[in-house]
There are 2 protein chains.
Amino acid sequence: MNSSSADRDADAELTALLRARGLRVTSPRLVIHRQLRARGRHVTAEEAREAVARDLPGISLPTVYATLELFEELGIVRRVHAGRGAVRYDPRTDAHHHSVCRRCGRVEDFDGAEGLERALLAAEAGARRTGFAADAAAVVLTGLCEDCRATEREWSRRPRPAGRAADR
Amino acid sequence: MNSSSADRDADAELTALLRARGLRVTSPRLVIHRQLRARGRHVTAEEAREAVARDLPGISLPTVYATLELFEELGIVRRVHAGRGAVRYDPRTDAHHHSVCRRCGRVEDFDGAEGLERALLAAEAGARRTGFAADAAAVVLTGLCEDCRATEREWSRRPRPAGRAADR
DNA sequence: GTCATAATACAAACTCTTTGCAATAAGGTA
DNA sequence: TACCTTATTGCAAAGAGTTTGTATTATGAC
């Protein structure tokens, strides 16, 4: 298994969380947890399974989904709906948000400017006054990433085939 | 067809937009546009089809998707990814955001506090400095709507079956 | 070691969305 | 108005992502 001390710390932390709720400590849970921490990056369920495949070759996708959902409840990961494509699970739990390239779908983190978190808290407070009890606020920026911006000119010049769905 | 003058205005506006881009003015486009305006509310593709069914009983879902995607490009609707479930298309194009109930999935609008839009613009500017050219910022609040909050206590007391996916 | 059952794997279903292709109809031209 | 080109549409089917049903495995209590 090749455990580093950081791994063992992460294991202990997860074990404590699971035990506290009367849940079992299993290999999928430990290994997925380790991989999430190793990556430190929002991943899709499929990516998580690939990351885990070396340690647990036979792990099933439903188990990955169940585990990630459990982690979300435990507060270990945040679910990120980033535009098109699969849902992401983000092991970063500190205040940050995401940008999504509408061309290639790439998702990146960005740290909110100092005023943003304050404004979001105000928004949550405002919503609470209308009856909605918000417990999280997510910001998603949509646009073009650096790479896709480079090829933007070509795309916008394409004669539009206007087929099924305009273009894209 | 029973056109009101508001309908005709909306028709004329859409017609101008389409013509300006060399696109054709078709019944699905006109009718979906009218229904979106009549509802004034983010709808799913399926909801849009239902709303349009009286005027165009045979309309297909692929056409609805294509039309909504076209409208997005024309700036008539905004695509809203609101957590679980289908994508919504929002005919409101002014600055506002959305709250999603994580129990029942209900999506509601909320108007950003005065400082929020400013903070989002600052965030976009910050992202641009890292190479990401943002052209839109969406805020999604997650929490419990008024109705679901009323039954919250019962839910949290449920003995957790801990089956497939913890609970929910 | 034994036992109850939580957690898993596997297969299949399900929802939402997109694609391929033949038929239709918008709108320019004669 | 009739004709012609091709953008749009409908239909059927495929595809991506996620969830559910059920038999099996293995955790953790005794």
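## Exercises on a two-chain predicted model

The contact draws 42 residues from chain A and 42 residues from chain B. The model is predicted.

**Exercise 1. Which elements of chain A build its side of the contact, and what classes of residue does that side hold?**

Step 1. List the elements that give two or more residues to the side touching chain B. They are α4 (61–74), β4 (107–110), α5 (114–129), β5 (133–144) and α6 (146–150) of chain A.

Step 2. Find the largest share. β5(A) supplies it, with 12 residues.

Step 3. Sort by class. This side of chain A has 25 nonpolar, nine polar and eight charged residues.

**Exercise 2. What rotation superposes chain A on chain B, and how are the two copies related?**

Step 1. Superpose the chains. The rotation is 180°, the shift along its axis is 0.0 Å, and the RMSD is 0.1 Å.

Step 2. Locate the axis in chain A. V139(A) has the C-alpha nearest to the axis, at 2.3 Å.

Step 3. Compare the surfaces. Of the interface residues of chain A, 100% are also interface residues in chain B, so the copies meet through the same surface.

**Exercise 3. In what order do the six strands of the open sheet run, and which strands stand at the edges?**

Step 1. Start with the pair that joins the chains. β5(A) and β5(B) pair in the antiparallel sense over 11 bridges. Within this pair, A136(A) stands opposite T142(B).

Step 2. β3(A), residues 97–101, and β4(A) pair in the antiparallel sense over four bridges. V100(A) has V107(A) as its bridge partner. The two strands form a hairpin with five residues between them, and G105(A) in the turn has a positive phi of about 85°.

Step 3. Assemble. The order is β4(A)-β3(A)-β5(A)-β5(B)-β3(B)-β4(B), and the pairing is mixed.

Step 4. Find the edges. β4(A) and β4(B) each have a single partner strand, so one side of each is left without a neighbour in the sheet.

Step 5. Neighbouring strands are turned by 30° against each other on average, direction ignored.

**Exercise 4. Which strands does each α5 helix lie across?**

Step 1. Take chain A. α5(A) lies across β5 of chain A together with β3, β4 and β5 of chain B. It runs at about 130° to β5(A).

Step 2. Take chain B. α5(B) lies across β3, β4 and β5 of chain A together with β5 of chain B. Its angle to β5(B) is about 130°.

**Exercise 5. At what angle do α3(B) and α4(B) pack, and which residues make the contact?**

Step 1. Read the geometry. The angle is about 110°, and the axes are 9 Å apart.

Step 2. Classify. α3(B) and α4(B) are therefore roughly perpendicular to each other.

Step 3. Name the residues. α3(B) brings A45(B), A48(B) and R49(B); α4(B) brings L61(B), V64(B), Y65(B) and L68(B). Six are nonpolar, none is polar and one is charged.

**Exercise 6. Is V43(B) buried or exposed?**

Step 1. V43(B) lies in the loop between α2 and α3 of chain B.

Step 2. Count. V43(B) has 25 C-beta neighbours inside 10 Å, so V43(B) counts as buried.

Step 3. List contacts, leaving aside neighbours within four places in sequence. V43(B) touches A48(B), A51(B), R88(B) and Y89(B).

Technical notes. Residues are numbered from 1 along each chain as its sequence is written. Chains are lettered from A and ligands numbered from 1 in the order in which they are written. This is a predicted model: local features need pLDDT of at least 70, side-chain atom pairs count only at pLDDT 80 or more; totals for chains, interfaces and linings use all residues. Two residues are in contact if their C-beta atoms, placed from the backbone, lie within 7 Å. Ala, Val, Leu, Ile, Met, Phe, Trp, Tyr, Cys and Pro count as nonpolar, Asp, Glu, Lys and Arg as charged, and the others, Gly among them, as polar. Two strands pair if DSSP finds at least two bridges between them. Axes are lines fitted to C-alpha atoms, for helices over the stretch in contact, and angles run from 0 to 180 degrees between N-to-C directions. Angles under 35 degrees count as roughly parallel, over 145 as roughly antiparallel, 65 to 115 as roughly perpendicular and the rest as oblique. Copies are superposed by least squares on the C-alpha atoms of residues with pLDDT of at least 70 in both. A residue is buried if 20 or more other C-beta atoms lie within 10 Å of its own, exposed if 12 or fewer, and partly exposed in between; C-beta atoms are placed from the backbone.
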